[in-house]
Amino acid sequence: MAGDRSRPSQDCLVFGPLENEIMEVLWQAPGPMTVREVLGALNSGRATPLAYTTVMTVLSRLAEKGAADRTKAGRGYAYSPVVTDEAAMAVREVIRDFGVSAVGHFLDEILSAPDLRERFDKLMQEGPGR
């Protein structure tokens, strides 16, 4: 759900502050971005500019976490988001860490809350790719 990125403001548990800023840049981009492009977007309007190596390291870590995809672009890499928002990343991490048990608990929560059940039913009717 690319347009539905309601997130817990600055209290994100999945991404650190700089990771969050970088993901915002990637989410807003029309396509993959190089480290230099991300750096430029981050540093525009910033009082103290970030170093190239800082952004490169964070992008590499985001790729390792599975939040960004890294493809070869010249001598470097271009990055694009794999997840649509922090919630998607959080769900991936919970399922990775707890497997089928987590899915069962998600379903229990959905079935016990009418508003969640209504949203779940709507998503199931819309199918993949909503």
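Is Asp121 buried, partly exposed or exposed, and at what relative accessibility? Asp121 counts as partly exposed, at 31% relative accessibility. Bear in mind that this is a predicted model. A few notes from going through it:

1. On the partner of Asp121: its side chain meets that of Arg117 in a salt bridge, 3.2 Å from N to O. Both residues sit in helix α5 (residues 114-126), four residues apart, or about one turn of the helix. Arg117 is partly exposed too, with a relative accessible area of 36%.

2. That pair belongs to a set of five salt bridges found in a search of the whole structure. Another of them joins Glu21 and Arg46, whose closest N and O atoms are 3.0 Å apart. Since Glu21 lies in helix α1 and Arg46 in the loop between α2 and α3, the pair ties together parts that are 25 residues apart in sequence. Glu21 is partly exposed at 32% relative accessibility, and Arg46 is partly exposed at 27%.

3. Then there is Asp97 with Arg96, a salt bridge at 3.0 Å, N to O. Here Arg96 counts as exposed, at 55% relative accessibility, while Asp97 is partly exposed, with a relative accessible area of 48%.

4. Back to helix α1 (residues 17-28): its 12 residues reach 17 Å from first C-alpha to last, close to the 16 Å expected at 1.5 Å a residue. Buried residues in α1 include Ile22, Met23, Val25, Leu26 and Trp27, and also Glu19, Asn20 and Glu24. The cover over the buried residues of α1 includes α2 (35-43), α3 (52-65) and α4 (86-112), along with strands β1 (33-34), β2 (68-73) and β3 (76-81).

Methods
Residues are numbered from 1 along each chain as its sequence is written. This is a predicted model: local features need pLDDT of at least 70, side-chain atom pairs count only at pLDDT 80 or more; totals for chains, interfaces and linings use all residues. Side-chain values use heavy atoms; hydrogens and water are left out. Helices (H or I, at least four residues) and strands (E, at least two) are DSSP runs, numbered from the N terminus. The expected span of a helix is 1.5 Å times one less than its number of residues. Buried means under 20% relative accessible area, exposed over 50%, partly exposed in between (1.4 Å probe, protein chains only). Contact means heavy atoms within 4.5 Å. A salt bridge is a side-chain nitrogen of Lys or Arg within 4 Å of a carboxyl oxygen of Asp or Glu.
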